[in-house]
Structure formats: C-alpha cells, structure tokens
Amino acid sequence: MSTRTRIAFLKGHGTENDFVIVPDPENTLDLPPAAVAALCDRRAGIGGDGLLHVVRSAAHPEARHMAAEAEWFMDYRNGDGSIAEMCGNGVRVFARYLQRAGHAAEGDLTVATRGGVKTVHIAKDGAVTVGMGRARLPEGDVTVSVGERSWPARNVNMGNPHAVAFVEDLAHAGSLYSPPPFSPASAYPDGVNVEFVVDRGPGHVALRVHERGSGETRSCGTGACAVAVAAARRDGVDPTVTGTPATYTVDVPGGALVITERPDGEIEMTGPAVIVAEGEIDSDWLETFAS
C-alpha cells in the first residue's frame with residue numbers, strides 16, 4: 001500500500017445507514033480490521049456504519065466462484081472492522097456507486113456478496129430494489145432483553161442473523177449502544193442483529209435496531225426484511241401459502257423502506273441510495289493501520 005499515494009473514497013447512505021466506499025477493482029489495497037475501523041470512525045476518520053470495498057469478483061478469493069454471475073463483489077465490513085455476510089442498504093449504495101462510476105446503468109444488475117449473488121434494479125426515479133433472497137426461520141424460542149424488560153423474539157435469518165421483538169414503545173429498546181442480551185446463547189453463536197418493532201398501521205411498522213458490530217444504526221436493510229417477514233407471520237400471512245405477495249412499509253430512523261415477500265419466498269427491498277461526497281484517503285495515515 002505504501003507505493004500507492006492516491007486512494008479514492010466516496011461517502012454514501014441508504015436511509016441514513018452510511019458507508020465509506022473504497023473502489024479497489026483489482027483488490028490491491030490492504031484493509032485490515034484496524035484500518036476499516038479507523039476509516040469508519042466518526043471523529044478520527046471519515047465516518048460510517050460500515051465500509052463498502054468495491055472489488056471485481058474475479059479478483060477476490062471469496063468471490064471468484066461468483067464471477068460468472070456478477071462482475072462486482074461487495075466486500076462489506078462493519079464499522080468495527082469485522083466482516084459481515086450481507087448489508088441490504090449497503091447493496092443499494094454499492095449499486096448507486098457502480099452507476100455513478102459507469103459500471104452499471106438503469107435497469108437490472110447483479111452484485112456478489114458473502115450472502116450470495118443479489119439481483120438489483122435501478123429505477124428511473126432513483127429508487128433501488130434489491131432481491132434479498134429468502135428468509136429462513138430457524139425453530140426454537142428466543143428471548144431478548146433490555147434492563148428489566150424481556151420479550152419473545154422471532155429468529156429470522158436473511159443471510160445474517162436477526163432477532164425481531166415486537167414492543168409497545170421503541171423507547172423500551174434503551175440506548176442500543178451495547179448488544180441487547182439474548183437467550184439461549186446457542187441461537188446466535190456469532191452474535192445477532194436485534195430489531196425492536198412497533199405497529200404504525202396495517203402493513204406499516206417501525207423499528208429500531210442494534211446492528212452486530214456497529215451499534216444502533218439509522219437503518220438496516222436486512223433487518224427491515226426480517227421485520228417484515230416476522231410481522232407477516234405474526235399477522236397470519238405467508239405468501240408461499242396464500243400465493244399473494246405481502247408488502248410492508250418499514251419505518252427506520254433514517255427514512256422508510258418498502259419490503260415485499262413474493263409467493264416464491266423471494267424478498268424485495270426498495271429504498272433510496274445517495275452518494276454525498278468523494279475524495280482521497282491519505283495513504284500515509286492509512287499505512288499506520290496496515291497489518
């Protein structure tokens with residue numbers, strides 16, 4: 001990395017879930033966890049809930065097997081530098097970057113992620129729809145708690161793990177700075193994203209979320225999908241049984257996402273994606289965090 005003096009970055013967000021975007025088509029940058037955490041630091045770095053490392057699938061050992069299906073790989077990292085399987089808001093912002101850079105146009109494209117290849121549609125009005133795959137609903141009771149309160153939670157896996165708890169008041173989620181305790185521990189051996197949900201009306205809910213590795217964020221795309229599925233099942237709706245799509249509007253602190261579960265089980269998420277800035281990272285500074 002020391003031989004490279006110009007390291008481009010962009011800053012973007014999807015419903016205020018914000019990301020540092022680092023284009024690196026040939027996967028030449030060394031981005032260890034400490035470097036990612038430093039870039040995502042809101043006071044000493046650029047600031048973001050996570051980092052989108054933009055790499056050609058063929059150039060990344062974790063994505064080469066997907067290169068025939070998707071040219072680009074979203075090497076996503078959490079704000080603390082840890083690796084995540086998938087980020088729904090991140091995929092939308094990733095697609096917006098590809099469009100801005102001339103690698104994609106309005107219409108359909110595919111993006112490789114650690115959660116598999118995702119289909120994306122960039123609409124003329126700027127909204128981005130992501131095919132988020134199917135939800136898995138592992139068996140077993142889960143409980144989450146904040147202080148003296150505890151709630152039953154629905155275990156929903158969207159390529160990453162979620163615990164969805166319906167509550168009377170979003171304030172009951174507390175600060176969400178630290179991970180809400182859950183039980184049994186065996187349900188989520190690698191930690192979990194926890195969503196606290198209230199009803200706003202028919203087909204309309206609102207959430208607050210603790211994202212594993214990032215704390216409370218303004219939005220979580222996979223979390224919104226998990227919440228929509230949990231709400232549908234709570235409401236007695238399963239599109240794979242009824243043959244009718246189920247759509248929920250999910251309010252997040254940073255805006256709103258529209259989630260549709262289709263009769264084939266596939267889940268689509270639609271929302272905004274915005275690039276707000278671009279610039280250069282000081283390579284000497286980044287070098288101090290090299291592995």
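**Aromatic pairs**

I began with Y188, which has 3% relative accessibility in this predicted model. That is under the 20% limit, so I put Y188 down as buried. I then looked at how the two rings meet. The centres of F182 and Y188 lie 5.2 Å apart with planes at 85°, so I logged an edge-to-face pair.

I also asked how many aromatic pairs there are, and the count is four. Another of them is F19 with Y76: the centres are 6.0 Å apart and the planes stand at 75°, so this pair is edge-to-face. I was pleased to see that it links distant parts of the chain, with F19 in strand β2 (residues 17-23) and Y76 in strand β4 (residues 72-78), 57 residues apart. Both F19 and Y76 are buried.

While on rings, I checked F166 and found R234 over its face, at 4.4 Å from the ring centre.

**Nonpolar cores**

Next I wanted to know which members of the largest nonpolar core touch the most other members. They are M74, L98, V250 and I259, in a core of 52 residues. Helix α3 (residues 221-234) gives the most to this core, nine residues in total.

Setting aside neighbours within four places in sequence, I found L98 in contact with V54, W72, H103, A104, L109 and V111. There is also a second, separate core of 17 residues, and V144, V146, A173 and V192 are among them.

**Strands β5 and β6**

I moved on to strand β5 (residues 107-113). Five of its seven residues are buried, so I wrote it down as largely enclosed by the rest of the structure. Which way does β5 pair with strand β6 (residues 116-122), parallel or antiparallel? The sense is antiparallel, over seven bridges. One bridge I looked up by name was that of A112, whose partner in β6 is V117. The two strands are joined by a hairpin through two residues.

My last stop was D125, in the loop between β6 and β7 (128-134). Is D125 buried or exposed? Its relative accessibility is 66%, so D125 counts as exposed. I followed its side chain and saw that it reaches the backbone nitrogen of A127 at 2.9 Å.

Notes. Residues numbered from 1 in each chain as written. Predicted model: local features only at pLDDT ≥ 70, side-chain atom pairs only at ≥ 80, totals over all residues. Heavy atoms only, no water. Buried < 20%, exposed > 50% of the residue type's maximum accessible area, 1.4 Å probe, protein only. Helix = DSSP H or I, 4+ residues; strand = E, 2+ residues; numbered from the N terminus. Pairing = 2+ DSSP bridges. Core = buried A, V, L, I, M, F, W, Y, C linked by side-chain atoms within 4.5 Å. Contact = heavy atoms within 4.5 Å. Polar contact = N/O pair within 3.5 Å; in protein donor to acceptor, adjacent residues only side chain to side chain. Phe/Tyr/Trp six-rings, centres within 6.5 Å; stacked < 30°, edge-to-face > 60°. Lys NZ or Arg CZ within 6 Å of the ring centre and 35° of its normal.
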